[in-house]
Amino acid sequence: MNKKAILLLLLLGTLCFCGCDMFRRLAGRPTAEELAVMRIEMLAEKEAAQQARIDSLRRVEKALADSLAILDSLQQMHGTILNPSEMGGLFTTRLEARYYIVVGSFMHRGNAESLLCRVSDAGYSPVLINFRNGFNAVGVEPSGSLRQVMASLRKVKAEPFCPPDVWILVND
């Protein structure tokens with residue numbers, strides 16, 4: 001046999017017994033084992049990202065269900081939620097909280113101030129809210145949480161100064 005044939009047989013034998021991993025290692029590439037580990041890690045990352053999305057959706061579903069339950073409670077209490085833009089927008093009052101329980105809305109400021117005094121005498125810290133359409137409202141129990149303002153609404157409705165048409169102002 002000539003030298004070329006022997007070298008060819010040795011090369012084929014080396015390929016059969018060593019496989020591709022030897023050549024990958026020589027070339028600085030990952031071996032089959034390392035590639036399998038990388039695939040498992042990628043699958044784990046994808047699974048973690050998917051679980052995070054599912055958890056996020058569950059939180060949104062819960063928040064939505066809670067909001068719907070609160071709105072149902074409000075509807076059963078014959079309450080209303082309004083945005084300032086539905087009343088012509090706010091005029092000069094800068095409201096700090098997102099929600100206010102409005103116990104009265106008057107065209108004449110003196111009537112609003114009278115109710116403001118009665119509410120204050122009952123132990124609340126009322127706020128005078130001025131709208132662009134000329135109405136002056138008396139708001140109590142400011143809150144950043146719809147759940148909290150609903151609990152406050154139940155308490156305020158039991159007060160003697162509270163009219164049956166009390167409503168919640170949403171300050172966006």
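1. Asn 130 stands opposite Asn 136 in strand 4. In this predicted model, strand 3 (residues 127-130) and strand 4 are antiparallel and are joined by 4 bridges. The two strands make a hairpin with 5 residues between them. Within the turn, Gly 134 has a positive phi of about 100 degrees.

2. Strand 4 also pairs with strand 2 (residues 99-106), in the antiparallel sense and over 6 bridges. One of the pairings to inspect is that of Ile 101, whose bridge partner in strand 4 is Val 140. Of the 8 residues of strand 4 (residues 136-143), 6 are buried, so the strand is largely enclosed by the rest of the structure.

3. On the overall layout, the chain has 5 helices and 5 strands. Their order along the sequence is α-α-α-β-β-α-β-β-α-β. The chain has 172 residues, and buried residues make up 28% of them. Among contacts with a separation of 6 or more, 67% are between residues 24 or more positions apart.

4. Which residues touch the most other members of the largest nonpolar core? They are Ile 101, Val 103, Val 119, Val 138, Val 140, Val 156 and Phe 161, in a core of 20 residues. Two or more residues come from each of strand 2, helix 4, strand 4, helix 5 and strand 5 (167-170). Helix 5 gives the most, with 5 residues. In soluble globular proteins, nonpolar side chains tend to be buried together.

5. Leaving aside neighbours within four places in sequence, Val 138 is in contact with Ile 101, Val 102, Val 103 and Gly 104, among others. The list of its contacts also includes Ala 112, Leu 115, Leu 116 and Val 119, as well as Pro 126, Val 127 and Leu 128. There is also a second, separate core of 9 residues, which includes Ala 97, Ile 129, Phe 131 and Trp 167.

6. Leu 116, one of the contacts of Val 138, is found in helix 4. Is Leu 116 buried or partly exposed? Its relative accessible area is 22%, so Leu 116 counts as partly exposed, given that buried means under 20%. Not counting residues up to four places away in sequence, Leu 116 touches Pro 126, Val 127, Leu 128 and Val 138. Leu 116 and Leu 128 are 12 residues apart along the chain, and their C-alpha atoms are separated by 7.4 Å.

7. The structure holds 2 salt bridges. In one of them, the side chains of Arg 109 and Glu 113 meet at 3.0 Å, N to O. Arg 109 and Glu 113 are 4 residues apart in helix 4 (residues 109-121), so about one helical turn separates them. Arg 109 is partly exposed, with a relative accessible area of 41%, and Glu 113 is also partly exposed, at 35%.

8. A further salt bridge is formed by the side chains of Lys 155 and Glu 141, at 4.0 Å, N to O. Because Lys 155 lies in helix 5 (residues 146-157) and Glu 141 in strand 4, this pair ties together parts that are 14 residues apart in sequence. The distance should be read with the cut-off in mind, since a salt bridge is defined as within 4 Å. Lys 155 is partly exposed at 46% relative accessibility, and Glu 141 is partly exposed at 21%.

9. Where does Thr 31 lie? Thr 31 is in the loop between helix 2 (20-27) and helix 3 (32-76). With a relative accessible area of 7%, Thr 31 is buried. Apart from residues up to four places away in sequence, Thr 31 touches Asp 21, Arg 24 and Arg 25.

10. A nonpolar patch on the surface is formed by Ile 6, Leu 7 and Leu 10, which together have about 310 Å² of accessible area. Leu 10 lies in helix 1 (residues 3-18). At 55% relative accessibility, Leu 10 counts as exposed, because the cut-off for exposed is over 50%.

How values were computed:
Residues numbered from 1 in each chain as written. Predicted model: local features only at pLDDT ≥ 70, side-chain atom pairs only at ≥ 80, totals over all residues. Heavy atoms only, no water. Buried < 20%, exposed > 50% of the residue type's maximum accessible area, 1.4 Å probe, protein only. Pairing = 2+ DSSP bridges. Contact = heavy atoms within 4.5 Å. Core = buried A, V, L, I, M, F, W, Y, C linked by side-chain atoms within 4.5 Å. Patch = residues over 30% accessible without salt bridge, like charges linked within 9 Å, V, L, I, M, F, W, Y side chains within 5 Å. Areas by Shrake-Rupley, 256 points an atom, 1.4 Å probe, with all protein chains shown as cover.
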